[in-house]
Amino acid sequence: MTIDLSPRHKLTTTAYNGQVPGPLLRFKENQPVTIDVFNRTDRPEVVHWHGLFSPPDVDGAMEEGTLPIAPKSRARYTLTPRPSGFRWYHTHTMAMNDFTRAQYGGQHGFLMIDPRQNPAPYDQEFFLALHDWQGYLLASDDGAMNPGYAVTTINGKAMGSGEALRVKQGQRILLHVLNSSPTEVHWIALSGHSFRVMALDGNPVPTQRTVPMLRLAPAERVCALVEMDNPGVWVLGEVRKHVQALGMAIAVEYEKKKGNPEWQQPTALTWNYEQFAHAHSPDSSAESPILIPLVFESTFQGHGAMEKWTINGASYPNARVAPLIHGRRYRLQFINNSVDDHPLHLHRHSFELRRLGASLGAAQGIAPDDIRGIIKDVVLVDSQTRTEVEFTANNPGASLFHCHQQNHMDLGFMMLFDYA
Ligand SMILES: [Cu+2]
């Protein structure tokens, strides 16, 4: 399709049902659904149902065994959606050096599995997707190459090109925000308002907090409630000026209010996951998890080329760990030796955040101050830190683990977990 991101930015991309984001799909939890996907492109495609516990043959990763959809043909996905909450769907193909393909394009959409646990009553809800477009190779100070972008959007529109979100004074607005960016972390604020964070990656948080801004790594979702108690016309947008200037903003307009949307520039970027954990850690479960250390590193591929990525010294498909035992609890130790932050995603399972941003060096055992209760399917692991998550091996079948940054995944940052 051809899409007008703004009057100055028209481009051709691949999309679902001729729109970006694709249609909102709303399914009932545990009620089987059949989805027909028609591939009208000239290359193999596959659709991943991100955040669901689906069998490998319909999860939508060819690495797990989902069949590719041949050009000009159809695939029928029959799945039983679970768990409930805010999920999404997107292509799970490779782009390599073509910054128009895979997640660099428009193949993403919202997926809501009901009944989600409604954390609070609300009057209106809005679904927002943050995206970056027209990537090009950009050299950083150390010579490493990474994608840069010419345009940034919310729901496929740069600031001023889309419809405002229309609200009324006294309303409670529930925002479902998705970062569908191929590679970029985004910070979002709504001037004159704050966010009550209800859910991360669609899963209710143990401790709701009111925060001035949201941070979303690629593939992350945040559900947040906003009290509309400050009439005016406001900007909801990227906190970093240079990113917002490329388009990532939308107007929020109170009834009977007119004028240019107002932006109040926050002075610092603030976010941490820990604040949403249980205030008091429940006693650790009796069973101690099996530890799986995973070390992430990059190797320089020459000037002008993107780096290659390894997990425990090997790139996909050579990175391997021992098969999972059904029913056992595992602790993944993400040891990020690289200079980049990585949004790590595990397919077909959710994990619990246990330790965040620990220093590198000898990994200690399980500590009493390890956090509890935040359930996610993506976690951003900061450069030069160790982050630990736990999951129960309760969904047998091949399960892909990878960095959700498209260029990292394309260049080896991917591994399959198998069950014994
Ligand atoms: Cu990465």
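Visitor: Where is alanine 102 found?

Guide: Alanine 102 is found in the loop between β7 (85–91) and β8. Strands here are DSSP E runs of at least two residues and helices are H or I runs of at least four, numbered from the N terminus. Keep in mind that this is a predicted model: local features need pLDDT of at least 70, side-chain atom pairs count only at pLDDT 80 or more, and totals for chains, interfaces and linings use all residues. Residues are numbered from 1 along each chain as its sequence is written.

Visitor: What is the phi of alanine 102?

Guide: Most residues other than glycine have a negative phi, and most peptide bonds are trans. Alanine 102 has a phi near 50°, a positive value in a residue that isn't glycine. Alanine 102 counts as buried because it has 22 C-beta neighbours inside 10 Å. The cut-offs: buried takes 20 or more other C-beta atoms within 10 Å of the residue's own, exposed takes 12 or fewer, and partly exposed is in between, with C-beta atoms placed from the backbone.

Visitor: And glutamine 384, where is that found?

Guide: In the loop between β26 (378–381) and β27 (385–392). Glutamine 384 isn't a glycine, yet its phi is positive, about 60°. It has 15 other C-beta atoms within 10 Å, so it is partly exposed.

Visitor: Which peptide bond at proline 21 is cis?

Guide: That's the one from valine 20 to proline 21, with omega near -10°. Proline 21 sits in the loop between β2 (9–12) and β3 (22–28). There's also a cis bond joining aspartate 114 and proline 115, where omega is about -5°. Look for proline 115 in the loop between β8 (108–114) and β9.

Visitor: Back to β8, then. How many of its seven residues are buried?

Guide: Five of the seven, so β8 is mostly covered.

Visitor: In which sense do β3 and β8 pair?

Guide: Strands of a sheet pair through backbone hydrogen bonds, either parallel or antiparallel. Here β3 and β8 pair in the parallel sense over five bridges, and arginine 26 stands opposite methionine 112 in β8. (To count as paired, two strands need at least two DSSP bridges between them.) With β7 the sense is antiparallel, over six bridges. There, the partner of glycine 85 in β8 is isoleucine 113.

Visitor: What is the strand order in the six-stranded open sheet?

Guide: It goes β10-β9-β12-β17-β14-β15, with mixed pairing. The edges are β10 (145–154) and β15 (203–211), each pairing on one side only. Twist averages 25° from one strand to the next; the axes are lines fitted to C-alpha atoms (for helices, over the stretch in contact), and angles run from 0 to 180 degrees between N-to-C directions. At the β10 end, β9 (residues 124–139) runs antiparallel to β10 and is joined to it by nine bridges. One of the partner pairs is leucine 138 with asparagine 146 in β10.

Visitor: And the order in the open sheet of five strands?

Guide: β11-β19-β18-β13-β16, again a mixed sheet. Its edge strands are β11 (165–167) and β16 (214–216), and the twist averages 20° from one strand to the next. Inside this sheet, β18 (residues 233–238) and β19 (residues 249–254) run antiparallel with five bridges. Tryptophan 234 has valine 252 as its partner in β19.

Visitor: How many residues has the largest nonpolar core?

Guide: In soluble globular proteins, nonpolar side chains tend to be buried together. The largest core here has 94 residues, and Val222, Ala224, Val226 and Leu236 have the most contacts inside it. A core is a set of buried Ala, Val, Leu, Ile, Met, Phe, Trp, Tyr and Cys residues joined through C-beta atoms within 7 Å. Not counting residues up to four places away in sequence, valine 226 touches Ile173, Leu175, Leu190, His193 and Phe195. Contact is a C-beta cut-off too: within 7 Å, with the atoms placed from the backbone.

Visitor: Is leucine 411 buried or exposed?

Guide: Buried, because 24 C-beta neighbours lie inside 10 Å. Leucine 411 is in the loop between α3 (406–410) and β29 (414–417). Leaving aside neighbours within four places in sequence, leucine 411 is in contact with Met306, Glu307, Lys308 and Trp309.

Note on methods: Contact = placed C-beta atoms within 7 Å.
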